[in-house]
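Here is a friendly walk through the model, grouped by topic. Keep the viewer open as you read.

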Amino acid sequence: MSLFGKDTDPVTRTARHSLIAMIAAIGVGLGASQAVAEDEGAGHGDGAATGQAETLHYPLEKPPLLDWSFAGVFGKYDRAQLQRGFQVYRQVCSQCHGIKYVAFRNLADPDGLGYSEEQVAALAAEYEITDGPNESGDMFTRPGRPSDRFPSPFPNEQAAAAVYGAAPPDLSLMAKARGAPRGPLWTVIDFFTQYQEAGPNYIHALLTGYGQEPHAGVTVPPGGNYNPYFLSGPVIAMPPPLADGDVTYSDGSPQTVDQYATDVSAFLMWTAEPHLVARKRLGFQVIIFLAIFATLMYLTKRRVWAAVAH
Amino acid sequence: MEGHSTYQPRSGGARWLERRLPIIGLVHSSFIAYPTPRNLNYWWTFGAILTFMLVAQIVTGIVLAMHYVSAGSMAFDSVEAIMRDVNWGWLLRYLHANGASVFFFAVYIHMFRGMYYGSYKEPREVLWILGVLILLLMIATAFMGYVLPWGQMSFWAATVITNLFSAIPLVGESVTMWLWGGFAVDSATLNRFYSLHYLLPFMIAGVVALHIWALHVAGQNNPLGIDVKSKEDTLAFTPYATIKDTFATVLFLVLFAWLVFFLPNYLGHPDNYIPANSLKTPAHIVPEWYFLPFYAILRAIPNKLLGVIALFAAIAVLFFLPWLDTSRVRSAVFRPIYRQFFWIFALVCLGLGYLGSQPAEGGYIIASRILTAYYFLHFLIILPVLGLIERPKPRPASITEAILAKSGHGAPAHAAGGAS
């Protein structure tokens, strides 16, 4: 089965991944508890500035803005890019992260990945789904069907937390649940330029942001991963997930971390907003309709009011 | 203003109904023959826009309610099911969520228009007070609606706001627990918020009916702020106001569609796409943009109870506006000093909105305190004093005279006692 090209050696991969993650999680635990303490101080209450010595603001660096095919009025998903991104998700991210809101049948959406019904059925059958209870009251596993949703790598959050220290979040909505703040000026401009790609820009920046020299004033705990794009602090629990050449593309696209990160960010935009293309298509029609309607109303209004001074 | 219905039923059926229930006559006198001042500008179209938005919110809301599940364990998932699997569910939800935003946008313009042209003054005090009641109901409805998706911001907004009640001396803790239906914000809280979120819009609709009734008794104010003197000063609601309102509403829908179809998450907070988690406080808890000025006022006060009092006072003071403004001249057009204070006040409100979105620390806190003080100063000191010392400009004798002067058909307006 090579249609979706499984990783050649998933076992080693997972082992390496989880070992680093565990070490990292311990290091970050300290930082996280400190962050919680700060949050409580920032809430309403006995007021005023609680005099934190911390002067760094996160993320330390703004994510670079990429050109996305799905941006703008006529934005559409790039089918090949989504398929590559899905491949990256499947071979790398899915070891730890689920996409539980996505069903296999969604992969057949022509506005999205556009696989055929047969391809989707074959893919779904590769997964084991827990179903039941059956007539004797037992749960059982069966091959997946297109109507099933992607099974998560862990049965529950506790199981994931037990392995990694903190549960790796589900990625279905990640592209809408993250985004670097833009500041007041850009926020105004974004209304007119229709900037809605903060999520994928953030994911791409985060995935490519490992391995940099830490900012002055930042101490990285042993096993911690410095990442200047991380929203909640200088150090993230997740170790660098991607390396050049990790995923083999069949369409000749560059097999670099940057390309993987871009593709998987686009894929996660699709998992978060599967009806984006239909929305923009309808939106354009609605705006055209309203423009014509408004013109007619304006002309009628002028005609009605022409006879009276006002 | 309303007068007796001039409606003459033509068909036999209409005559039969009119003798038993004059409902066609009521509609005719309210929305067809109803006389509107002929000098109304486009700021007066927001009443129609708001009516449209209320109906739109109720219609989309009722359909969403058919698919939404108000249990803590299922609410977030049911919203995702609406977004992914319900036919046109994404459209309904984005219309409803962004509809709340543009609803508030329109209501704030409507209120500032009332303040600029003195629409709250005699004989429209009750009309204004009903409007403030509608605002209060809208705030409650929008807040509870924001809790329903049960994301991180939903949950923590509910926690922060319900905790405000714990500031009440003696009974605060009990009241808060009673609101929660438990010992913390949880599924029981979500359920009651859902019930009330469904109820309140119909209460809004009821108060809107009273608001329109009061409007049709007192008659509309107008940009000159002077009374209607003769039939000549007015035009029939239909076709004149109807067509203008329709045109303005369609333009407003362009803004609405721009948000819904191209920027559906622009006004939302990313954290609300993270399921509610009572163990993880978001770095910054911020309300929706339309509550930010009030949020800034709340956080400006270093004492919790006083902060809550200031928050409620910021809205309560609006009820007294008709009596706090001592000037007998309605429109800011003829009040040169008030006009400047009006714009300062508008900027202060925008400033408070910005500060409400920033963390409560350092310079932001100091700025919030200054602007909060000014907010109350405007109502409690500036308006009462200004009315006594300001020399208003001469007002035209009538609306018609002013219009004819403007369009060059008659003598220029001369001094006359207009507003009183």
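## Helix 16 of chain B

In helix 16 of chain B, which spans residues 399-406, the buried residues are B:Ile399, B:Thr400, B:Glu401, B:Ala402 and B:Ile403. Buried here means that 20 or more other C-beta atoms lie within 10 Å of the residue's own; 12 or fewer makes a residue exposed, anything in between makes it partly exposed, and C-beta atoms are placed from the backbone. The buried residues of this helix pack against strand 1 (35-37) of chain B. Contact means that the C-beta atoms of two residues, placed from the backbone, lie within 7 Å. Helices (H or I, at least four residues) and strands (E, at least two) are DSSP runs, numbered from the N terminus.

This is a predicted model, in which local features need pLDDT of at least 70 and side-chain atom pairs count only at pLDDT 80 or more, while totals for chains, interfaces and linings use all residues. Residues are numbered from 1 along each chain as its sequence is written, and chains are lettered from A and ligands numbered from 1 in the order in which they are written.

## Chain B as a whole

Chain B has 16 helices and 2 strands. Its radius of gyration is 24 Å, close to the 22 Å that the globule rule gives for 420 residues, so chain B is as compact as a globular protein of that length. The radius is taken over C-alpha atoms, and the rule is 2.2 Å times the number of residues to the power 0.38.

Along the principal axes, the C-alpha atoms of chain B fill a box of roughly 70 × 60 × 45 Å. Of the 420 residues in chain B, 42% are buried. Among contacts in this chain between residues at least 6 apart in sequence, 74% join residues at least 24 apart.

## Helices 6 and 7 of chain B

Two packed helices are described by the angle between their axes and the distance between the axes. For helix 6 (residues 125-147) and helix 7 (residues 152-164) of chain B, the axes come within 7 Å and cross at roughly 135 degrees. That makes helix 6 of chain B oblique to helix 7 of chain B. Angles under 35 degrees count as roughly parallel, over 145 as roughly antiparallel, 65 to 115 as roughly perpendicular and the rest as oblique. Axes are lines fitted to C-alpha atoms, for helices over the stretch in contact, with angles from 0 to 180 degrees between N-to-C directions.

From helix 6 of chain B, B:Phe143, B:Tyr146 and B:Val147 meet B:Ser154, B:Ala157, B:Ala158 and B:Ile161 of helix 7. By class, this contact has 6 nonpolar, 1 polar and no charged residues. Nonpolar covers Ala, Val, Leu, Ile, Met, Phe, Trp, Tyr, Cys and Pro; charged covers Asp, Glu, Lys and Arg; the others, Gly among them, are polar.

The loop between helix 6 and helix 7 of chain B holds B:Trp150. This residue is not a glycine, yet its phi is positive, near 60 degrees. B:Trp150 is buried, with 24 other C-beta atoms within 10 Å.

## Helix 10 of chain B

B:Ala248 lies in helix 10 (residues 237-262) of chain B. It counts as buried, with 21 C-beta neighbours inside 10 Å. Leaving aside neighbours within four places in sequence, B:Ala248 is in contact with B:Tyr42, B:Thr45 and B:Ile49.

Helix 10 of chain B also contains B:Pro239. The peptide bond from B:Thr238 to B:Pro239 is cis, with omega near 10 degrees.

## Where the chains meet

In the interface, 44 residues of chain A are in contact with 46 residues of chain B. Helix 1 (10-42), helix 5 (174-177), helix 6 (183-193) and helix 9 (276-305) of chain A each supply at least two residues of the side that touches chain B. The largest share of that side, 15 residues, comes from helix 9 of chain A. By class, the residues of this side of chain A divide into 23 nonpolar, 12 polar and 9 charged.

## Backbone details in chain A

A:Gly132 and A:Pro133 are joined by a cis peptide bond, with omega about 5 degrees. A:Pro133 lies in the loop between strand 1 (128-131) and strand 2 (140-143) of chain A.
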